[in-house]
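Hi,

Here is the structure I promised to pass on. Have a look at it first, and my notes on what turned up follow below.

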Amino acid sequence: MLAQNVAFYILAVAMAGAAIGVVRSRNVVHAALYLVVVLAGAAAQYILVAAEFVAWVQVLIYIGAIVILFLFGIMLTRAPMRSQGSLDNGQWIASAVVSLFVFGVFTALLVDAYGGKEIKLKNSLVVIGNSNTVGSSIFRDYLVPFEVVSMLLLAALVGAVVIARRD
């Protein structure tokens, strides 16, 4: 369990650093690459809680499809790769204070709720994250919402291409 805790903290620090890189990067492509690191860290977190299928779906869909789609969108819209001016607007101190306050509140709530308790994964939770259960759930219980979301994403993709290629 100690190795999992160490891996969790290493991944969490890497993800937090990359998330700051997403927000602070002046280059849009660099921000997208930082986003890949954050999403890969989330996939690694899923592996730590024994949800391998969800981790692979995270890699295939979010890293393999969404980020690539995001990069294509940047290239198709001919958006400037670098910002033209400063991204700071003088409110970063207030936003940092509010962020630290919210972080403190959530930390206090989690410590109050779980204290020093060790959270053990039940076998029923491990079964929920395996590929058989997730596939069965998607293609039996949630087939119609899955197809509706697929069509909505396809319509959004076609709309983005039409808007980007007006010339």
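Among contacts between residues at least 6 apart in sequence, 66% join residues at least 24 apart. Please keep in mind that this is a predicted model. The protein has 7 helices and 0 strands, so reading along the sequence gives α-α-α-α-α-α-α. Of its 167 residues, 14% count as buried. The accessible surface comes to about 12,700 Å², and 72% of that belongs to carbon and sulfur atoms.

Helix 2 covers residues 28-48 and helix 3 covers residues 52-76. Their axes come within 9 Å and cross at roughly 170°. An angle over 145 degrees counts as roughly antiparallel, and the two helices are therefore roughly antiparallel to each other.

Which residues meet there? On the helix 2 side they include Val 28, Ala 32, Leu 35, Leu 39, Ala 43 and Ile 47, and on the helix 3 side Val 54, Gln 58, Tyr 62, Phe 70 and Ile 74 are among them. The residues of this contact divide into 20 nonpolar, 1 polar and no charged.

Helix 3 has 25 residues and reaches 34 Å from its first C-alpha to its last, close to the 36 Å expected at 1.5 Å a residue. Its buried residues are Ala 55, Gln 58, Ile 63, Val 67, Leu 71 and Ile 74, and the buried residues of this helix pack against helix 2.

Back in helix 2, you will find Ala 40.

How many of its 23 residues are buried? The count is 0, and helix 4 is hardly covered. Just after helix 4, Gly 115 takes a positive phi of about 50°.

Best wishes

Notes
Residues numbered from 1 in each chain as written. Predicted model: local features only at pLDDT ≥ 70, side-chain atom pairs only at ≥ 80, totals over all residues. Heavy atoms only, no water. Buried < 20%, exposed > 50% of the residue type's maximum accessible area, 1.4 Å probe, protein only. Helix = DSSP H or I, 4+ residues; strand = E, 2+ residues; numbered from the N terminus. Axes fitted to C-alpha atoms, helices over the stretch in contact; angles between N-to-C directions. Parallel < 35°, antiparallel > 145°, perpendicular 65-115°, else oblique. Contact = heavy atoms within 4.5 Å. Nonpolar A, V, L, I, M, F, W, Y, C, P; charged D, E, K, R; others polar. Areas by Shrake-Rupley, 256 points an atom, 1.4 Å probe, with all protein chains shown as cover. Expected span 1.5 Å × (residues − 1).
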